Amino acid sequence: MVNSYERSTPNNTFRIWVAFGFVLLCISILILRLWYLQIVRGEFFRDRSENNRLRMIYIPPTRGIIYDRNGEVLVRNRPSFNVDLVIEDSPNPQQTVADLALIVGEDPGPLQERVLKDGKRRRFEPKLLMRDVSRDLVAKISAQRYRLPGIAINVVSTREYLYGEMSAHVLGYIREVSSEQLKSPAYSNYLMGDLVGQYGVEANLERYLRGERGSQAVIVNALGNRIGEAYLNAEKPGSNVMLTIDRKIQAVADQALTGLKGGVVVMDVRSGDILALASAPRYHPAIFTTEISKEAWSDLIDPKANRLSNRILQGAFPPGSVFKIFVAAAALSEGVITPSEKIRCPGYLKFGKRAFRCHKHSGHGSVNLFEAIVQSCDVYFYTVGQRLGVDRIYRYAHDMFGFGEPTGITQGEESSGIVPSTAWKASYFKNPADKRWFPGETLPVAIGQGAVSTTPIQIARALAAVVNGGKIIRPRLVKKIVAGDGRMLEEASAEPEVVRTVDLEPSILEQLKAAMVGVVEDRRGTGHKAALPKEFHIMIGGKTGTAQVASRESGIKDEDHAWFAAYAPADKPQIVVAVILENGGHGGAAAAPVARKIFAAYFGVPEEIPAVPKIRKQLARPAPSPAAIN
């Protein structure tokens, strides 16, 4: 017999099953939650846990050192202090930044903008607030650290340009990677706050100079204080670069341009090595490694000075009478003149209803090719231009000597310049009436005026071809690149890179060289101010140029551009020097003395060189006919 209290009633059985189901549901929820936290989100929470204990710090690599061709250091690195903010360590980052600004006496606005600035960033990764601060500022911040949760001072290396503004346009500069650059695949391995080459050698050789970033895991306590180091991936320093620049020649070129606007390029005619490349006014590259004040930035972008422009590579100027050398080469090769043929210069050439004047208004009389180059007779070359026609001038100037195209010394930083032709004009202008080339337009082209524009380095390369036997050489700035472990990554060949050979009879090149020697050494020569003292037995050949220019704003004739392109020694050429002085006046009076300084420094001539004349004030008279003076 079973008692009634020993039997389970249907109601109790139901309750038991409900309770069992509830317990089972709770256990299932716990298991599912555990699975979610451990398996699905396990990596996330493990990462957060590790980040709370470990801080991954990226260690920027030291950039490679830049040397001149003789092993003298031009650019190296030095330690500097950066002020960073770890946002996760600050309960109120905006207030922390405001307190920091108060302590250092800065406007909090730019600092707040840096905190809000977008960019790739990991948790606990510092945000750069202030770069390369002084030791006094470091002391102020350190003394107030209790008020600045999340603020950290880190020691990093920064660029040191040992010779200030010298060769600034060659070396370039580095600057913090921009937001636009970070969006590009080319900068996928950069982080906000990284420095990157933005111009010149620093930019063109960024992949070598930069090195590889290192990383370090730092153990911190609950307050964020460092209590140890977990592991380290050492950074790899950037490769070292040796340039073809000669520091001493470069210094002379830079000094010669002090107070002037213009440029100097010195090129080895045998190898294409650039020994000096100076452009003025300049800037100090170090200004870009720190915060730039409004005043400094205004000075940098002042259009009158145009400090950021490399006039040797980016400045396209009318070449003036320097261009006559290449027109003469075309005329001799085409047989439209002979070296002995004389052309009368009464001081002008009547063409149609217009008189094209020579720079010597009284005329040169009857002159042959030698005399026309030595005295830079415009009428002679007006006549030669008529006989050649613009398309034959184009064929020699562009197709042979390389005007109107980049020389290839760097990528993306060169102007092409212009060599006009009938096809060029037809494609350049939109108005059908402007597309036709008129014969009268050829005359200014023959003396390097009109639509012709060249860069100084194009002049240097073309002149090198005249004196080295006709080889168009690619100019080069890099001698070798050596990795941090000593491996040779790149080395310039002992042989030059010959782009093409000018198809001219050797006798034509000899006639041109002889005439250029006359420009400097002949008593009638326009470039005699470039001559070195006779006792050193170093003869120089060259060609002056004085290019007329008009003010863009007013259209009134501005002071002429002064040119001088030369080579030496005359009997066995080693270097060419091309000088351009913007609004510098006459080439023979202003530019030739600059070249003389360069030649004196190169050949070790110790004599005192006359000072370079200062640029004269702008002329207020209207522009005459497009005749080049000189």
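Student: Which residues are linked into a cluster by ring pairs?

Tutor: The cluster holds Tyr173, Tyr199, Tyr283 and Phe288. Rings of Phe, Tyr and Trp (its six-membered ring) count as a pair if their centres lie within 6.5 Å; planes under 30 degrees apart are stacked, over 60 edge-to-face, and the rest tilted. The count by this rule is 17 aromatic pairs. This is a predicted model in which local features need pLDDT of at least 70 and side-chain atom pairs pLDDT 80 or more, while totals for chains, interfaces and linings use all residues. Residues are numbered from 1 along each chain as its sequence is written, and side-chain values use heavy atoms, with hydrogens and water left out.

Student: What makes tyrosine 173 and tyrosine 199 buried?

Tutor: Buried means under 20% relative accessible area, exposed over 50%, and partly exposed in between (1.4 Å probe, protein chains only). Tyrosine 173 has 13% and tyrosine 199 has 9%, so both are buried.

Student: What makes the pair of phenylalanine 317 and tryptophan 563 edge-to-face?

Tutor: The angle between the planes is 80° and the centres are 6.4 Å apart. An angle over 60 degrees gives that label. Phenylalanine 317 is in the loop between helix H11 (294-300) and helix H12 (324-334), and tryptophan 563 is in strand E22 (residues 557-568), so the pair ties together parts 246 residues apart in sequence. Phenylalanine 317 is buried at 7%, and tryptophan 563 is buried at 0%.

Student: How do you know that arginine 63 and glutamate 202 form a salt bridge?

Tutor: A salt bridge needs a side-chain nitrogen of Lys or Arg within 4 Å of a carboxyl oxygen of Asp or Glu. Here the N to O distance is 3.0 Å, so the pair qualifies. Arginine 63 sits in the loop between strand E1 (54-59) and strand E2 (66-67), and glutamate 202 in helix H8 (residues 200-204), 139 residues apart. Arginine 63 is buried at 9%, as is glutamate 202 at 0%. The whole structure has 29 salt bridges.

Student: What makes glutamate 441 and lysine 425 a salt bridge, and is each of them buried, exposed or partly exposed?

Tutor: Their closest N and O atoms are 2.8 Å apart, so the pair meets the rule. Glutamate 441 is in the loop between helix H16 (422-428) and helix H17 (442-446), and lysine 425 is in helix H16, 16 residues away. Glutamate 441 is partly exposed at 27%, whereas lysine 425 is buried at 6%. Elsewhere, salt bridges with shared partners join Arg63, Arg159, Glu202 and Glu206 into one network.

Student: Why does leucine 32 count as exposed?

Tutor: Its relative accessibility is 54%, so leucine 32 passes the cut-off for exposed. Leucine 32 lies in helix H1 (residues 10-40).

Student: Which peptide bonds are cis?

Tutor: Among them are the bond from alanine 280 to proline 281, with omega near 0°, and the bond from alanine 568 to proline 569, with omega near -10°.

Student: How confident is the predictor in the chain?

Tutor: The mean pLDDT (the predictor's confidence in each residue, from 0 to 100) is 88, and 91% of the residues reach 70 or more. Over residues 615-630 the pLDDT is below 50.

Note on methods. Contact = heavy atoms within 4.5 Å. Helix = DSSP H or I, 4+ residues; strand = E, 2+ residues; numbered from the N terminus.
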